[in-house]
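This report goes through a few features of one protein chain. Keep the sequence and the structure in view while reading.

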Amino acid sequence: MGHSPASFASCRFLTLLAFQFLLSVILVKAGMLSDGFLDKNQKKENVNILATYTDASGDIRTVSVNSKDLSDSWFWENPADQNHELFKDAEHTESSTDEHGPREGALLYRQTPPITPVKLLRRKMRQMRRENRTAELIQQDKAAEYRMKVAAIERAKNLNNTIRGKYSIWKKEYDNQRGDNVLKLMRDQIIMAKAYASIAQVKDDGDLHNSLMNCIRDNRNAIGEATSDVELHESALEWAKAMGHVLARAKDKLYDFTLLSRKLRVMLQSTEDSIAVLKKQSTFLIQHVAKTVPKGLHCLSLELTTDYFSRDHSSEEELIDKEKLVNPTLYHYAIFSDNVLATSVVVNSTASHAKEPENHVFHIVTDKLNFVAMKMWFLVNSPSNVTIQVENIDDFKWLNSSYCSVLRQLESDRLKEYYFKAHHPTSLSAGTDNLKYRNPKYLSMLNHLRFYLPEVYPRLDKILFLDDDIVVQKDLTPLWSVDLGGMVNGAVETCKESFHRFDKYLNFSNPKISENFDPNACGWAFGMNMFDLKEWKKRNITGIYHRWQDMNEDRTLWKLGSLPPGLITFYNLTHPLDRSWHVLGLGYDPALNKTEIENAGVIHYNGNYKPWLDLAVAKYRHYWTKYVMSDNPYLHRCKFTDEDLTQ
């Protein structure tokens, strides 16, 4: 521990005191004193005094002092007098002196005046300040020592002593910043070997060509699936050396700068073409897997449909309280889906967090193919106290091509050609358009039914729209109390800096878009939306949607989907909700903040990696699977594994 300047000053002060004390003792003991006493006004003799003392380091020092240089506080004393005292405090001096002067044999020290209470108080205060300052310096030293210990502990925690592929993490000369030098070398050798092998084949050098091809095969086997040097086969370095010898022979025999550079350019172009094809195939396969109904879900729908028709459930259907379905004072939800299992998770998660589940009503609309299965599921698996209504979209007779723009457009030859293209069977994988917008899901009216909510529920004032790929984690009742300020749509905005603004979804090169909308306007999310149906009817929102949908028949204003027309339809009519109500990205972004996910009212698996697919992001899947009824007999009959239900 270091010492402060104050502590050194204290040492020097004590040393001087010791020196003065020793000097006075020497004056007494050395006999260099007069037989009498010196009066305080009498001049001292010119006497040289040799003093010996011990300094702060323990060394013995000597110093010569002349008596003339001593202050008035020093005195001469008879050494024969053994009854003297060297020092007296002020009180003792005062008590040993009377009105007749000093007594015989008393200390002939310079008489000090009596100490007043004020001086005594000052002395005590100075002593107190010295003690406080000493304690403060000691505490500062302890605090500094504690900070050093904490810093050392933190550095030790961050120390990684398990780095693979390094001889010593303490020696800088062994600190290899790259762990794939050999792997990179072997891959570069394979590229050069291919180029030289091609040249050797052209020049009919069969032996060299065969040697190069054998080395390429051996190096590939040695690399295998390795991504760093530590994962390479133990003989990889030997194969790299062998390849180096063969490449040296090839260079001596075949090196031609012009020819070799031409071969490498051809290889580069071929590789880029292969990468482009693989990317397109990968995109197509991901889209295909993401939108294909898994075998388990298909089985579930069939099992439910079979059981429904094998039993009579008419009496159970009559138990639904139809008054609740149209009561505007209750909390109403709209879910449009053809996925039975996903819809059940939305209902289960919402009902499990509702404080008054008996006041929550779920309106589910599905297609004709899954209508019976959806009804059967909720007849036997409905959460307690909530009200559930299942409807078939085909029963909405008003939803026809004469009224609905999307249905009318689907009858056009242009859109049929775009989607089906019977005479170009490979166009889906070979086309240049964005594949996700050419998915058949955009043909489903379930995707566009959200623009007809007042027609579907004419007696309701407010309704909360939920997608089937969300999970509810909080009571959503407070959303009905949010003041939308005269707006129609309450939604969470999705723009962050320059992302997810209008120019991402709309074609602003078209004057119809650029003249009516701000490209920097903030986008918002479909998936959890509070709709004020009274304001909807007043502002004729469905009519606005139809007008813009008709203008986009040639798909020049936006690609297909429901979000772009939603942004247009509810432009300047959307009230932003607090972001914590709706967290998106669990279907495509593996780097979301865990705290934000767990504190969200609703989490949304928007994207291709849905939680019911094998593509799902593993660390997000458990938020969804915990609301799947794992003990349901239908799931086990369709061979959903425990891993599928609990992962």
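## Disulfides

This is a predicted model, and a search of the whole structure finds two disulfides. A disulfide is a covalent bond between the sulfur atoms of two cysteines. If the bonded cysteines of the protein are numbered in sequence order, the pairing is 1-4, 2-3.

The angle about the S-S bond is -85°, and the link of C299 and C638 is left-handed. C638 has a relative accessible area of 8%. Residues under 20% count as buried, so C638 is buried.

## The second pair

C495 and C522 form a disulfide as well, and their sulfur atoms are 1.7 Å apart. Where do C495 and C522 lie? C495 is in the loop between β10 (489–491) and α17 (502–505), and C522 is in the loop between α18 (511–514) and β11 (528–532). The two cysteines are 27 residues apart in sequence, so the pair ties together parts separated by that stretch.

The link of C495 and C522 is left-handed, with -100° about the S-S bond. Both C495 and C522 are buried.

## Two other cysteines

Is C404 buried or exposed? The relative accessible area of C404 is 0%, so C404 is buried. C215 is buried too, because its relative accessible area is 11%.

## Helices α5 and α6

C215 is among the residues of α5 that meet α6. Two packed helices are described by the angle between their axes and the distance between the axes. For helix α5 (residues 206–223) and helix α6 (residues 236–254), the axes come within 10 Å and cross at roughly 155°. Angles over 145 degrees count as roughly antiparallel, and α5 and α6 are therefore roughly antiparallel to each other. The crossing in which α5 passes α6 is left-handed.

Which residues meet where these helices pack? On the α5 side they are L208, S211, L212, C215, I216, D218, N219 and A222. On the α6 side they include A236, W239, A240, M243, V246, L247 and R249.

W398 lies in the loop between β7 (387–392) and α13 (405–410). Its relative accessibility is 28%, so W398 counts as partly exposed.

What does W398 touch, apart from its neighbours within four places in sequence? W398 is in contact with Y403, L449, Y452, E455 and V456. V456 is 58 residues from W398 along the chain, and the C-alpha atoms of the two are separated by 9.7 Å.

## A sheet of three strands

Three strands form an open sheet, in the order β9-β14-β13, with mixed pairing. Which strands are at the edges? They are β9 (470–472) and β13 (582–583), each of which pairs on one side only.

Strand β14 (residues 602–604) and β13 pair in the parallel sense over two bridges. V583 has I603 in β14 as its bridge partner.

How values were computed: Residues numbered from 1 in each chain as written. Predicted model: local features only at pLDDT ≥ 70, side-chain atom pairs only at ≥ 80, totals over all residues. Heavy atoms only, no water. Disulfide = S-S within 2.5 Å. Buried < 20%, exposed > 50% of the residue type's maximum accessible area, 1.4 Å probe, protein only. Helix = DSSP H or I, 4+ residues; strand = E, 2+ residues; numbered from the N terminus. Contact = heavy atoms within 4.5 Å. Pairing = 2+ DSSP bridges. Axes fitted to C-alpha atoms, helices over the stretch in contact; angles between N-to-C directions. Parallel < 35°, antiparallel > 145°, perpendicular 65-115°, else oblique. Left-handed = near helix turned anticlockwise from the far one by under 90°.
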